[in-house]
Amino acid sequence: MNNLFEISNHVQKAIDLKKPIVALESTLISHGLPYPDNIKVAKESISAVEDNGSIAATIGIINGKVKIGLNEDEINILAKDNNVQKVSNHNINLSIFKKENAATTVASTISIASTFGIKFFATGGIGGVHLNAEDTYDISADLYSLSEHSNYVICSGAKSILDLNKTYEFLETLGITRIGYKTDYMPGFWYSETKHQVDNNFEKVSDISNFLKLNSKLKHNKSILIFNKVPEINAISKEQINEWISIALVRAKKNKISGKALTPFLIKEINNFSNNKTLKANVSLIINNANLAGKIAKNFYS
Ligand code: PSU
Ligand code: MN
């Protein structure tokens, strides 16, 4: 393309051979999870995708260059360096301009993946409408990016720290299809189920990929969310999660945390309160989603 982007040989080969590719984001490595769990998740997500016959492309920015397919050294930089920027669609170009190391969110990762024709993407929980958004207007760019591109996104719903009622409704407003894999309800990230019904529950991977195949013929130019619940042994009750969230929100207010710093702050606080039970759940659901993404992508292209 040009020298602002660099596709790894591994991913380039997959593109040339029309192999299934699953994009992975890097903000959860730099800002979502602590070291060294972040390295473990980054590596195990790649293995989970590739064990199922697809190719993983972790996306991030190293010295201002957008990398499609970060190697181990580059993942280490994003996992360990404290100066890594969190870039969404509004500030990614500035990190490129300033030759920074930066991690891409769901919003910017799918924008980049789309540029290179990569359809599948796996993450933990997407961003959404924050609690109190009526006052703050804090609505993640993830939602808009999902409506501007047509990616297939495997996730455990939106993060529990958000207003999941408003997020669910806003997804519908934006035309984003919400399907479940073995679930009738949108998951609540750290907890298994919200009260919100999915647009359709599919019990089999092949049914999902058949639906996606039809969808690509319909030229539905919005993304599709495929909801996968947190593995049952790591799921936490909704009541317990909400208790931790309310304490974390008070602390965020007291410390005047807002904007793009809010999501990482709340996650960190809640990991502390929960004695890392939420961290454990987060790690397991991300890898579980990468695993499912690898399966669906493989099935879609065969
Ligand atoms: N999922 C996780 N942990 C994370 C994120 C997602 O399990 O840290 C990141 C994603 O990169 C997502 C971002 O795009 O949080 C949302 O941030 P914001 O609310 O500032 O848009
Ligand atoms: Mn925000």
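Contact is taken here to mean heavy atoms within 4.5 Å. The structure is a predicted model, in which local features need pLDDT of at least 70 and side-chain atom pairs count only at pLDDT 80 or more, whereas totals for chains, interfaces and linings use all residues. Residues are numbered from 1 along each chain as its sequence is written, chains are lettered from A and ligands numbered from 1 in the order in which they are written, and side-chain values use heavy atoms, with hydrogens and water left out.

Under this definition, and not counting residues up to four places away in sequence, Phe120 touches Ile21, Val22, Ala23, Tyr152, Ile154, Leu212, Ile296, Ala297, Phe300 and Tyr301. Phe120 is also among the residues with the most contacts inside the largest nonpolar core, together with Ile68, Ile126, Leu212, Leu225, Ile226 and Ile296, and this core has 98 residues. A nonpolar core is a set of buried Ala, Val, Leu, Ile, Met, Phe, Trp, Tyr and Cys residues joined through side-chain atoms within 4.5 Å, where buried means under 20% relative accessible area, exposed over 50% and partly exposed in between (1.4 Å probe, protein chains only). Helix H13 (residues 277-300) provides the largest share of this core, 12 residues; helices (H or I, at least four residues) and strands (E, at least two) are DSSP runs, numbered from the N terminus. In soluble globular proteins, nonpolar side chains tend to be buried together.

The strands were examined next. Two strands pair if DSSP finds at least two bridges between them, and strand S7 (residues 120-122) pairs with S8 in the parallel sense over 3 bridges, Ala122 having Ile154 of S8 as its bridge partner. From strand S8 (residues 152-155), Tyr152 and Ile154 point one way while Val153 and Cys155 point the other way, and all are buried. S8 pairs in turn with strand S11 (residues 224-227), in the parallel sense and over 4 bridges, and in this pairing Cys155 stands opposite Phe227. S11 is also paired with S9 in the parallel sense over 4 bridges, and here Ile179 stands opposite Ile226. Strand S9 (residues 177-181) is mostly covered, with 5 of its 5 residues buried; Thr177, Ile179 and Tyr181 point one way, and Arg178 and Gly180 the other way. In a regular strand the side chains alternate between the two faces of the sheet. S9 pairs as well with strand S10 (residues 200-202), in the parallel sense over 3 bridges, with Tyr181 opposite Phe202.

Pockets and cavities were located on a 1 Å grid over the protein atoms alone: a cavity is a set of points where a 1.4 Å probe fits but cannot get out, a pocket is an open set with protein on both sides within 12 Å along at least five of seven lines, and lining residues have an atom within 4 Å of a point. Grid points are joined across faces, edges and corners, and a volume is the space filled by probe spheres set on the points. The largest pocket holds about 500 Å³ of space, and of the 32 residues that line it, Lys86, Thr105, Ser140, Lys159 and Thr263 are the closest to its centre. Helix H2 (27-32), helix H8 (141-148), helix H12 (262-273) and H13 each supply at least two residues of this lining, the largest share, 4 residues, coming from H2. By class, the lining has 10 nonpolar, 16 polar and 6 charged residues, with Ala, Val, Leu, Ile, Met, Phe, Trp, Tyr, Cys and Pro counted as nonpolar, Asp, Glu, Lys and Arg as charged, and the others, Gly among them, as polar.

In the second largest pocket there is about 360 Å³ of space, and the closest to its centre of the 16 lining residues are Leu131, Asn132, Thr136, Leu249 and Leu262. Helix H7 (133-136), helix H11 (238-254) and H12 each contribute at least two residues to this lining, which comprises 7 nonpolar, 5 polar and 4 charged residues. Ala133 lies in helix H7 and is buried, with a relative accessible area of 8%.

The structure holds 1 cavity of 30 Å³ or more. Its 13 lining residues include Leu24, Glu25, Leu28, Ser45 and Ile286, the closest to its centre, and they divide into 9 nonpolar, 3 polar and 1 charged. The largest share of the lining of the largest cavity, 4 residues, is given by H3.
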